[in-house]
Structures are given as C-alpha cells and as structure tokens.
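Biologist: Hi! Could you walk me through this one, a few residues at a time?
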Amino acid sequence: MLELHPKAQNIECIYGDFNDSTLFENLQTYHYDYIFAMDASNLSDLKFICPEEYQNKLSLMLDNIPKNNGKSVPDPYFEGRFDDVFEMLNRASGFLLETLL
C-alpha cells in the first residue's frame with residue numbers, strides 16, 4: 001500500500017480516503033466521457049498515447065473552473081501545498097458537477 005506524506009494523511013483524515021489513480025496505459029479510453037490531467041506535462045503525455053478519436057475527452061482538471069484554462073495543479077509533494085491542492089480540486093470538481101447536472 002502507498003504510504004501518504006504526513007500532510008496528505010492529515011487531509012485524508014479530514015476529508016476521507018484518497019483513491020488511487022489509474023495508469024492511463026491500462027484505461028480503455030472509449031469507456032470514459034472525460035479524462036483529466038493534473039498538469040500540462042501529463043496532458044501532453046496523454047495526448048501522445050491517446051488514440052486520435054478520443055483526444056476530445058482530454059483536458060486539464062482545473063479547466064473546469066471558469067476563466068482558469070491552462071492552469072496546472074501544483075505538485076503537493078514537491079511544493080508542500082496539500083491544503084491548496086485539495087481546495088483547487090474540490091472547487092474544480094464542484095464546477096464539473098454543475099456542468100453535468
């Protein structure tokens with residue numbers, strides 16, 4: 001099992017369990033309506049390996065926040081901004097949910 005950084009453990013205690021991310025190479029892209037990358041580098045990698053007919057499903061997670069296009073989620077381990085990252089993803093998820101409903 002993956003051991004979480006102490007700051008991540010604190011957020012997990014407050015908000016609940018983290019889900020493990022899925023390796024993209026194991027995904028069957030046609031099963032998903034949306035595939036979100038956390039940063040521009042990962043989005044570029046996804047675009048490289050994703051079949052052309054499914055490229056329209058790819059985007060940055062923070063693009064769900066209005067007027068936030070092109071912004072990446074900072075690496076919480078590298079930058080130590082666990083609370084900020086959680087709030088960014090929570091906000092982006094809220095906007096995504098609003099567009100789906």
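Modeller: Happy to. One term to begin with: a contact means heavy atoms within 4.5 Å. This is a predicted model, where local features need pLDDT of at least 70 and side-chain atom pairs count only at pLDDT 80 or more, while totals for chains, interfaces and linings use all residues. Residues are numbered from 1 along each chain as its sequence is written, and side-chain values use heavy atoms, with hydrogens and water left out.

Biologist: Great. So what does Asn 64 touch, leaving out residues up to four places away in sequence?
Modeller: Phe 36, Ala 92, Phe 95 and Leu 96. Asn 64 itself sits in the loop between strand E2 (58–60) and helix H3 (76–79). Helices (H or I, at least four residues) and strands (E, at least two) are DSSP runs, numbered from the N terminus.

Biologist: And is Asn 64 buried or exposed?
Modeller: Asn 64 counts as buried because its relative accessibility is 17%. The cut-offs are under 20% relative accessible area for buried, over 50% for exposed and partly exposed in between, with a 1.4 Å probe and protein chains only.

Biologist: Which backbone oxygen does the Asn 64 side chain reach?
Modeller: The one of Met 61, at 2.8 Å.

Biologist: What about Lys 67, where is that?
Modeller: Lys 67 is also in the loop between E2 and H3. Lys 67 is exposed, at 85% relative accessibility, and has a positive phi of about 60 degrees although it is not a glycine.

Biologist: Switching topic: how many aromatic pairs are there in the whole structure?
Modeller: The search finds 2. In Tyr 34 and Phe 36 the ring centres are 5.9 Å apart and the planes are at 5 degrees, so that pair is stacked. Tyr 77 and Phe 82 have centres 5.2 Å apart and planes at 90 degrees, so they are edge-to-face. Rings of Phe, Tyr and Trp (its six-membered ring) pair if their centres lie within 6.5 Å; planes under 30 degrees apart count as stacked, over 60 as edge-to-face and the rest as tilted.

Notes:
A polar contact is a pair of N or O atoms within 3.5 Å; within protein, one must be able to donate a hydrogen and the other to accept it, and residues adjacent in sequence count only if both atoms are side-chain atoms.
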